[in-house]
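Please consider the following briefing on one protein model.

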Amino acid sequence: MSNTQASKPAPSKGGGLAGMVVADSGISFVDGAEGILEYCGYDIRDLAAKSHFEEVAFLLWNGHLPTTQELESMKRQSRACRFLPPEVIAALRVLPRNAEPMAVMRTSVSMLAHYDPESEENTPIAHQHKACRLLGQISGVLAAFERIRRGEEPVKPRMDLDHAANFLWMLTGDDPDPLSAKALDQYLLLLAEHELNASTFSARVTASTESDLHSAITSAVGTLKGPLHGAAVQEAMVQFLEICTVANVEPWFRQVRAEGRRVMGMGHRVYKVRDPRAAPLMANLERMVEATGERQWFDIARTLETIAMREPYFRERNLSANVDFYSAPLLYSLGIPVDAFTCMFAMSRIVGWTAHVYEQQANNRLIRPVANFIGEHQVPWTPIEERG
Ligand code: ACO
């Protein structure tokens, strides 16, 4: 064995960095075997039942729940940041109307940096300001692009509404009904943070080079866009639409199994039991369904989960409903276009991403892993006319 081969690093266990610890973090804790998720020590189920999105954003950014005064101050600051620079709205008007909403978001986050007075400053206070601005602006980008592509004018944000209600207002131009606003608020709270998922990791890698916050968030948006991560929620809804009726769930499932396709919204890299966010999302959807009487998507999702969980293939591989399974019919019930579902995820996860970038910068070391090289060594160079 040559020296080069002898110094090879140990092969990674199955690839994908599965199970590898790559950072110390105090932001969230995930126990995949027990199905526990905590934000800064608080159980997600408690937060979902008792808290709201803006309070949880404060928690994730500061490590403690706010006092009344702190919450009011944070709300004032973040609500004042809801306006988009006119240049960004102008850019949204010239983008192709059939552009992927997540691609629009990626472009917009990058563009927003040019109009942020502190974009190149990495101080803690500049970071706090930029995180606040991005929280408001990302929801504004999504609402404005959605209206522009429908041929409507963007609607200006309102300062009297909380984050979820303001988004529904900007999307529709109508006063949001309290049930929808509450359902969206809880959705945003439940997706705000999830340890070192792929997009958060990607944000931390970019931050570790001492690049700026907008660059880190642009990396995260690009990573969230993939169907094995954020876009799974869209694919989950496409599958529910394909199923269409409760009677078709069983035949659809048998066909998917026969073709070896995946059931979207099921399975998770970390959770080996049902995702702890699935139950509150399901209950949230059920409340909407009871109020509107439109049961179709809830009943299809419930039936599909029940059938899948009876199947030995799913039980043996610990494949259960993940966060996307009930998020999909919930967002659909809220009238969000299916191709914008992943943007809703980004609108929430911006809180976790910015918290992680801050944590990375506060105790930074360049993230630079090594590869297990499987190619050839010392290959002799040949002149071009002798190749092939
Ligand atoms: N349906 C059917 N089979 C599945 C599913 C699924 N949803 N998920 C995994 N499997 C099977 C795989 O085929 C594989 O089977 P094998 O051992 O016979 O080869 C086994 O379960 C393990 O799958 P991996 O892809 O190796 O597991 P990994 O941990 O890498 O993947 C992932 C996790 C990507 C989430 C996967 O479960 C999946 O593709 N699920 C559907 C997409 C989805 O819902 N993604 C959202 C995840 S949550 C989030 O990102 C917000």
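The model is predicted: local features need pLDDT of at least 70, side-chain atom pairs count only at pLDDT 80 or more, and totals for chains, interfaces and linings use all residues. Residues are numbered from 1 along each chain as its sequence is written, and side-chain values use heavy atoms, with hydrogens and water left out.

- Side chains of opposite charge can pair when their charged atoms come close.
- Glu 153 and Arg 93 form a salt bridge through their side chains, at 3.1 Å from N to O. Because Glu 153 lies in the loop between α7 and α8 (163–172) and Arg 93 in helix α5 (residues 86–94), the pair ties together parts that are 60 residues apart in sequence. Helices here are DSSP runs of H or I with at least four residues, strands are runs of E with at least two, and both are numbered from the N terminus.
- Arg 93 has a relative accessibility of 40% and therefore counts as partly exposed; buried means under 20% relative accessible area, exposed over 50%, and partly exposed in between, with a 1.4 Å probe and protein chains only.
- A salt bridge also joins the side chains of Asp 116 and Arg 133, at 2.8 Å from N to O. Asp 116 is in the loop between α6 (101–112) and α7, and Arg 133 is in helix α7, so this pair links parts 17 residues apart in sequence. Both Asp 116 and Arg 133 are buried.
- Arg 133 also meets Glu 118 in a salt bridge of 2.5 Å, N to O. Since Glu 118 lies in the loop between α6 and α7 and Arg 133 in helix α7, the pair ties together parts that are 15 residues apart in sequence.
- Arg 133 counts as buried at 17% relative accessibility, and Glu 118 counts as buried at 14%.

- Asp 185 is found in helix α9 (residues 178–191).
- Although Asp 185 is buried, it has no salt bridge, and the nearest side chain of opposite charge, that of Lys 182, is 4.6 Å away. For charge, Lys and Arg count as positive and Asp and Glu as negative, while His and the chain ends are not counted.
- The Asp 185 side chain reaches the backbone nitrogen of Phe 53 at 3.1 Å.
- Glu 311 is placed in the loop between α15 (296–310) and α16, and it counts as buried at 16% relative accessibility.
- The side chain of Glu 311 makes a polar contact with that of Arg 254 at 3.1 Å. A polar contact is a pair of N or O atoms within 3.5 Å; within protein, one must be able to donate a hydrogen and the other to accept it, and residues adjacent in sequence count only if both atoms are side-chain atoms.

**Separation in sequence and space**

- Ala 207 is in helix α10 and is buried, with a relative accessible area of 1%.
- Ala 207 and Gln 360 are 153 residues apart in sequence and 6.7 Å apart in space, C-alpha to C-alpha.
- Glu 121 lies in the loop between α6 and α7 and counts as partly exposed at 39% relative accessibility.
- Glu 121 and Thr 245 are 124 residues apart in sequence and 53 Å apart in space, C-alpha to C-alpha.

**Pocket and cavity**

- On a 1 Å grid over the protein atoms alone, a cavity is a set of points where a 1.4 Å probe fits but cannot get out, and a pocket is an open set with protein on both sides within 12 Å along at least five of seven lines; lining residues have an atom within 4 Å of a point.
- The volume of the largest pocket is about 1600 Å³, a volume being the space filled by probe spheres set on grid points that are joined across faces, edges and corners.
- The lining of the largest pocket has 48 residues, and Asn 197, Leu 228, His 268, Arg 269 and Val 270 lie nearest its centre.
- Elements giving two or more residues to this pocket lining are β1 (28–31), α10 (198–208), α16 (312–316), α17 (323–333) and α18 (341–362). The largest share, three residues, comes from β1.
- There is one cavity of 30 Å³ or more, and the largest cavity is lined by Glu 54, Ser 78, Arg 79, Arg 82, Leu 135, Gly 136 and His 163.
- Helices α4 (68–79) and α7 (124–149) each give two or more residues to the lining of the largest cavity.

Note on methods:
A salt bridge is a side-chain nitrogen of Lys or Arg within 4 Å of a carboxyl oxygen of Asp or Glu.
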